[in-house]
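I opened this notebook to record what I looked up in one model, going from the whole chain down to single side chains.

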Amino acid sequence: MGGWAWGFGALVLIGVVILIIVMVRMFSPSRPTPLQAPSSQPGGTVSPKQILDERYARGELATEEYRERLSALGFDS
């Protein structure tokens with residue numbers, strides 16, 4: 001009977017480890033997804049101006065830098 005006891009203990013331990021892995025994956029923040037193009041764009045591409053607009057909206061770019069990059073892309077405002 002001693003052989004079954006340690007086998008059952010090993011199975012319980014494996015079950016606990018699997019449960020912990022599943023819980024960590026469930027509650028961990030999801031990975032950021034790449035920019036998805038609006039459905040109106042043919043070919044599913046995102047224009048440089050859209051990327052720039054999104055970065056400005058998220059606060060990654062200051063107004064001055066945003067305007068400089070717009071003019072560098074040929075979108076003078």
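The entries below follow the order in which I made the look-ups.

**Basis.** I am working with a predicted model, in which local features need pLDDT of at least 70 and side-chain atom pairs count only at pLDDT 80 or more, while totals for chains, interfaces and linings use all residues. Residues are numbered from 1 along each chain as its sequence is written, and side-chain values use heavy atoms, with hydrogens and water left out.

**Whole chain.** I looked up the secondary structure and found 3 helices and 0 strands, in the order α-α-α along the sequence; helices (H or I, at least four residues) and strands (E, at least two) are DSSP runs, numbered from the N terminus. I then turned to burial, where buried means under 20% relative accessible area, exposed over 50%, and partly exposed in between (1.4 Å probe, protein chains only). Of the 77 residues, 5% count as buried. The chain exposes about 6700 Å², and carbon and sulfur atoms supply 65% of that area; accessible areas come from the Shrake-Rupley method with a 1.4 Å probe, and for residues only the protein chains shown count as cover.

**Nonpolar patch.** I noted a nonpolar surface patch formed by L11, I14, I18, L19, V22, M23, M26 and F27, with about 840 Å² of accessible area together. Patches are made of residues with over 30% relative accessible area and no salt bridge, joining like charges within 9 Å and nonpolar side chains (Val, Leu, Ile, Met, Phe, Trp, Tyr) within 5 Å. I checked one member, L11, which lies in helix 1 (residues 2–27) and is exposed at a relative accessible area of 59%.

**Helix 2 against helix 3.** I looked up the packing of helix 2 (residues 48–57) and helix 3 (residues 63–73), and found an angle of about 180 degrees with the axes 11 Å apart. Axes are lines fitted to C-alpha atoms, for helices over the stretch in contact, and angles run from 0 to 180 degrees between N-to-C directions. Helix 2 is therefore roughly antiparallel to helix 3, on a scale where angles under 35 degrees count as roughly parallel, over 145 as roughly antiparallel, 65 to 115 as roughly perpendicular and the rest as oblique. The contact (heavy atoms within 4.5 Å) involves P48, K49, L52, D53, R55 and Y56 of helix 2, together with T63, Y66, R69, L70 and L73 of helix 3.

**Salt bridges.** I searched the whole structure and found 4 salt bridges, each a side-chain nitrogen of Lys or Arg within 4 Å of a carboxyl oxygen of Asp or Glu. E60 pairs with R55 at 2.9 Å, N to O, and R58 also bridges to E60, with the closest N and O atoms 3.0 Å apart. E60 is partly exposed, with a relative accessible area of 44%. In helix 3, R69 bridges to E65 with the closest N and O atoms 2.7 Å apart; because R69 and E65 are 4 residues apart, about one helical turn separates them. Both are partly exposed, R69 at 35% and E65 at 29%.

**R55.** Which residues does R55 touch, not counting those up to four places away in sequence? I found E60, L61 and R69. R55 is in helix 2 and is partly exposed at 25% relative accessibility. Its C-alpha lies 8.7 Å from that of Y66, which is 11 residues away in sequence.
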